[in-house]
Amino acid sequence: AAEGGEGGWIFSRCARRRVSGGKVTKSQFAKQFGLIDRTAERRLKHLVELGVLKTEGVSRATVYKLVE
């Protein structure tokens, strides 16, 4: 799948470039990549696990920020 192996690395590089201002919501991320919310949520979770993004807030107020 696009989330593991080399595909995950490529996706994380693309995501890093597309997170404008260093932060993004799940809905913004889904729109930027043409994903449904559920898929966006899985991809964001994977990017958090890889250490590319970190979360702030909870539930609907969650914002994903780039790790410096």
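Glu 41 is partly exposed, with a relative accessibility of 39%. The model described here is predicted. In this model Glu 41 forms a salt bridge with Lys 26. The closest N and O atoms of the pair are 3.9 Å apart. Lys 26 is likewise partly exposed, at a relative accessible area of 27%.

The structure holds 2 salt bridges. Besides the pair of Glu 41 and Lys 26, Lys 65 forms a salt bridge with Glu 56. Here the closest N and O atoms are 3.2 Å apart. Lys 65 is partly exposed, with a relative accessibility of 24%. Glu 56 also counts as partly exposed, at 35%.

The strands come next. An open sheet is formed by 3 strands. Their order is β1-β3-β2, and the pairing is antiparallel. β1 (23-24) and β2 (53-56) are the edge strands, each of which pairs on one side only. Helix α3, residues 37-49, packs on this sheet. The helix touches β2 and β3, and its direction makes about 110° with that of β2.

Strand β3 covers residues 63-66. It runs antiparallel to β2, and 4 bridges join the two strands. Lys 65 in β3 is the bridge partner of Lys 54. Lys 65 also takes part in the salt bridge with Glu 56. The hairpin of β2 and β3 has 6 residues between the strands. In this hairpin, Gly 57 takes a positive phi near 85°.

Aromatic contacts were examined as well. A pair of aromatic rings is described by how far apart the centres are and by the angle of the planes. The count comes to 1 aromatic pair. The ring centres of Phe 29 and Phe 33 are 4.8 Å apart, and their planes stand at 45°, so the pair is tilted.

Definitions and conventions
Residues numbered from 1 in each chain as written. Predicted model: local features only at pLDDT ≥ 70, side-chain atom pairs only at ≥ 80, totals over all residues. Heavy atoms only, no water. Phe/Tyr/Trp six-rings, centres within 6.5 Å; stacked < 30°, edge-to-face > 60°. Pairing = 2+ DSSP bridges. Contact = heavy atoms within 4.5 Å. Axes fitted to C-alpha atoms, helices over the stretch in contact; angles between N-to-C directions. Salt bridge = Lys/Arg side-chain N within 4 Å of Asp/Glu carboxyl O. Buried < 20%, exposed > 50% of the residue type's maximum accessible area, 1.4 Å probe, protein only.
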